[in-house]
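The tour below goes from one selection to the next and says what is to be found at each.

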Amino acid sequence: MTAKKASAALISVFHKDGLEPIVKKLNDLGVTLYSTGGTETFIHDLGIDVVPVEDVTSYPSILGGRVKTLHPKVFGGILNRQDNESDVAQMKEFDIPQLDIVIVDLYPFEKTVASGASEQDIIEKIDIGGISLIRAAAKNFKDVLCVSSMEDYEDFLNVISEGNGTTTLEDRKRFATKAFNVSSHYDTAIFNYFNKEKEETVLKISETKGQELRYGENPHQKGYFFGDFEAMFTKLHGKELSYNNLLDVDAAVNLMGEFKNDDPTFAILKHNNACGLATRSTIKQAYVDALAGDPVSAFGGILISNVEIDKPTAEEIHDLFCEVVIAPSYSDEALDILKGKKNRIILVQNDIELPETMVRTCLNGILVQDKDSKTDAKEDLNPVTDKKPTPQETEDLLFASKLCKHTKSNTIVLAKNKQLCASGTGQTSRVDALNQAIHKAQSFNFDLNGAVMASDAFFPFPDCVEIADKAGIKSVIQPGGSIKDQLSIDYCNENGMAMVMTGTRHFKH
């Protein structure tokens, strides 16, 4: 039997918003309502008849409300198979009411955790009866329709209104799918709360907010984004973000996180790597100097600022074709200017906590690692050469190190006066990366005399410091750790170069 006329519904919800029209519609359709606790009071206050579950079970709500619906007469009413003679007989034998609709909205466990509540408050928000009702009703979708979240109230109201109280098998199975999505996500959130210390080497990920993108990395690939984009960004203008836009935005946000509390800093990224970056006294000058790092690659890039974008900066940006602009805020005048290109995506970055782990598919499984949260600081620098970096060089070394950490390996970063001169990215040889960076810097007329060099990993031979020296670079930062570190140190000492080691490698593959 695919179409079923509802005769009775059990309603037990946390959120009452949006419930009133459902209750009134069910009552108009002659559906008997069963309920408990606060939901029962809510229905009663609407002047609508409601049967307390206690009248069915002959048991009151006990243990401070922890046990209300967990009873054979409730679950028998949900789980019985109406085309099974034995089930039908037992329903009559034990005087169990048939329940055709179950409406549940679970205790807000995730919101309670996010609020910083005490562990006891969090534990009390682990729903037991509600999750059991959802699983039972969804399992028996052939006979029962399960509404498992307040987000589905409107959908359900449309279904029963259009069907005049009758539901189809297709409807019931669709709502069952929603229900198992709710229950599995709920259990994942609870497990991850208990497994914060990673006592169990288990990966459980559940994202209920997803959207299909126009396509993936290329037009012949499907693409999806799962996550709460709206929590992280307020989109003010422009077209929909693509798969590649999102990857670049991710790279931009992670890079600018290194400069969050610094002086005005502007970065321009292309294909997940920075092609321009500068820190200055004004954001306009930071943008101008970031653009100078590679005005060719900047075309179609992702722009990000660590401070509000003002009118003078917006006027400069407006001359460049760029895909996305990101900032913590914009002046009204700046926003008017930037909106002058209809497809330009303008994002306000909200201050939210980002995940501490990184996940990616690998072979027939998944790789998970902690994020590289280490930022090289002055106290991490170990001078290993006779010549020590000057205060200005030290600032540039740390500037370059932050950038190097967020550039594809193998990488070399060249910087001067807190400006990216050039980088060599994603090369199979560190020498190639350095030569690429030098050639690029020279092609944009950068004077590398007095510039600094950062490497994401150690130098196995002194060739890189020799090439850098001949280009005018006089200060180097690298992690160290090669069995031949001394060769590079000796070259620096013989040629008046300063080198510091951090002891921390920053590969990015």
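Helices (H or I, at least four residues) and strands (E, at least two) are DSSP runs, numbered from the N terminus. This is a predicted model, in which local features need pLDDT of at least 70 and side-chain atom pairs count only at pLDDT 80 or more, while totals for chains, interfaces and linings use all residues. Residues are numbered from 1 along each chain as its sequence is written, and side-chain values use heavy atoms, with hydrogens and water left out.

Begin with His271, which you will find in the loop between β11 (265–270) and β12 (273–279). His271 is not a glycine, yet its phi is positive, at about 55°. Its relative accessible area of 62% makes His271 exposed, where exposed means over 50%, buried under 20%, and partly exposed in between (1.4 Å probe, protein chains only). Select Asp95 next, in the loop between α5 (85–93) and β5; this residue, also other than glycine, has a positive phi near 55°, and with a relative accessible area of 57% Asp95 is exposed. As background, most residues other than glycine have a negative phi, and most peptide bonds are trans. For a peptide bond that is cis, go to the step from Ser409 to Asn410, with omega near -20°; Asn410 is found in the loop between α16 (391–405) and β19 (412–415).

Now colour the chain by domain: the assignment, which is automatic or taken from a database, gives domain 1 (3–195), domain 2 (229–349) and domain 3 (378–501). The C-alpha centres of domain 2 and domain 3 are 27 Å apart. The contact between them takes 21 residues from domain 2 and 17 residues from domain 3, contact meaning heavy atoms within 4.5 Å.

On a 1 Å grid over the protein atoms alone, a pocket is an open set of points where a 1.4 Å probe fits, with protein on both sides within 12 Å along at least five of seven lines, and lining residues have an atom within 4 Å of a point. The second largest pocket holds about 510 Å³ of space. Of its 26 lining residues, select Gly65, Arg66, Lys68, Tyr107 and Asp127, which lie nearest the centre.

From there, move to Phe14, in the loop between β2 and α1 (20–28), a partly exposed residue with a relative accessible area of 34%. Neighbours within four places in sequence aside, Phe14 is in contact with Asp105, Leu106, Tyr107, Pro108 and Lys125. A distance drawn between the C-alpha atoms of Phe14 and Ala314, which are 300 residues apart along the chain, reads 47 Å.

Finish with the cysteines. How many disulfides does a search of the whole structure find? It finds 0, a disulfide being a pair of cysteine sulfur atoms within 2.5 Å. The closest cysteine sulfur to that of Cys275 is in Cys322, and at 11 Å this is too far for a bond. Cys275 counts as buried at 7% relative accessibility, and Cys322 is buried with a relative accessible area of 4%.

Terms used: Points joined across faces, edges and corners; volume = space filled by probe spheres on them.
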